[in-house]
Amino acid sequence: MKYALLIYGDDAGWVDLPAEERARLRDQELPRWYALFEELNKADPNVLGDELAGRSAGKVVRIRDGERFVTDGPFSETKEYIGGLFTIELPDLDEAIRLASLIPAAESGSIEIRPILQ
Amino acid sequence: MKYVALIYSDEERWDALSEDERRDVYARYTAVASEMQAAGVMAGGNELASTRDATTVRVRGDETLVTDGPYAEVKEALGGFFLLECESEDEALEWAARIPAAEHGAVEVRPTHVDPEEVQL
């Protein structure tokens with residue numbers, strides 16, 4: 001079964017930090033992300049992942065009665081919003097849960113696992 | 001530049017469609033996906049199962065908390081996405097507007113390139 005691991009987090013505190021502090025925290029956490037990538041690759045060499053730009057970089061498109069409306073994003077009004085995702089082929093949900101729990105962002109945000117329809 | 005087009009729509013609306021209506025919707029998605037392909041902007045995409053089939057994982061301290069259901073109960077849920085390789089945001093927005101769900105739901109376009117200054121880990 002192919003799954004999407006959707007990474008939800010909140011960058012509110014993050015963007016207020018001084019640049020050096022962000023760089024320091026990022027460097028500190030990078031090895032954990034690289035370890036995760038290795039683990040995901042072991043599970044499925046065709047795993048795909050994308051990190052999305054912050055919420056302020058989003059634009060939302062709607063068509064109503066043939067007219068196009070574009071507003072600033074994000075679409076979701078929830079406190080946490082999607083900041084990245086993986087798609088990965090796995091034997092079962094248990095394995096998806098195990099890998100989701102290794103994503104560093106699971107410790108501050110949430111990982112939503114969704115089967116992919118094919 | 002790579003963009004993701006996140007497709008949000010009302011799941012109840014989809015549930016209420018007949019088989020024929022769903023076939024029509026899928027045909028429209030196939031058509032727009034082929035056009036994206038022909039234009040060389042299509043870099044991937046997936047349809048997600050309903051939020052009814054979602055599982056949410058959080059790690060707090062040493063504990064892994066697993067709950068059935070989506071991260072948040074919302075009226076319009078993420079139902080799928082396209083990855084688009086476009087020259088500009090305007091071009092990505094043009095394509096987003098052609099995704100059928102834009103007509104009743106919403107499509108959020110976000111670059112996948114990240115300013116390291118802003119990135120949250």
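Colleague: Which residue of β6(B) is the bridge partner of B:Tyr8?

Modeller: In this predicted model, the bridge partner of B:Tyr8 in β6(B) is B:Ala106.

Colleague: What makes strand β1 of chain B and β6(B) a pair?

Modeller: Six bridges link strand β1 (residues 2-10) of chain B with β6(B), in the antiparallel sense. Pairing requires at least two bridges, so six bridges qualify β1 and β6 of chain B as paired strands.

Colleague: Why is strand β6 of chain B called mostly covered?

Modeller: The strand comprises residues 106-111, and six of its six residues are buried.

Colleague: What joins β6(A) to strand β3 of chain B?

Modeller: Three bridges do so, and β6(A) and strand β3 (residues 55-60) of chain B run antiparallel. With at least two bridges required, these strands therefore also count as paired. A:Ile113 stands opposite B:Thr55 in β3(B).

Colleague: How many residues does each chain bring to the contact?

Modeller: Chain A brings 51 residues and chain B brings 43 residues. On the side of chain A that touches chain B, strand β6 (residues 110-117) of chain A gives the most, namely eight residues. By class, that side of chain A holds 28 nonpolar, ten polar and 13 charged residues.

Colleague: Which residues of helix α3 of chain A are buried?

Modeller: In helix α3 (residues 93-100) of chain A, they are A:Ala96, A:Leu99 and A:Ala100.

Colleague: Why are they said to lie on the same side of α3(A)?

Modeller: They lie on the same side of α3(A) because the arc they cover around the axis is only 100°.

Colleague: What do the buried residues of α3(A) pack against?

Modeller: Within chain A they pack against β1 (2-9), α2 (19-43) and β6, and they also pack against β3 of chain B.

Colleague: What are the helices and strands of each chain?

Modeller: Chain A has three helices and six strands, in the order β-α-α-β-β-β-β-α-β from the N terminus. Chain B likewise has three helices and six strands, and its elements run β-α-α-β-β-β-β-α-β.

Colleague: How much of each chain counts as buried?

Modeller: Buried residues are 36% of the 118 residues of chain A and 33% of the 121 residues in chain B.

Colleague: What are the spans of the C-alpha traces along the principal axes?

Modeller: Chain A fills a box of roughly 45 × 45 × 20 Å, and chain B spans about 50 × 45 × 20 Å.

Key: Residues are numbered from 1 along each chain as its sequence is written. Chains are lettered from A and ligands numbered from 1 in the order in which they are written. This is a predicted model: local features need pLDDT of at least 70, side-chain atom pairs count only at pLDDT 80 or more; totals for chains, interfaces and linings use all residues. Two residues are in contact if their C-beta atoms, placed from the backbone, lie within 7 Å. Helices (H or I, at least four residues) and strands (E, at least two) are DSSP runs, numbered from the N terminus. Ala, Val, Leu, Ile, Met, Phe, Trp, Tyr, Cys and Pro count as nonpolar, Asp, Glu, Lys and Arg as charged, and the others, Gly among them, as polar. A residue is buried if 20 or more other C-beta atoms lie within 10 Å of its own, exposed if 12 or fewer, and partly exposed in between; C-beta atoms are placed from the backbone. The arc is that of the directions from the helix axis to the C-beta atoms.
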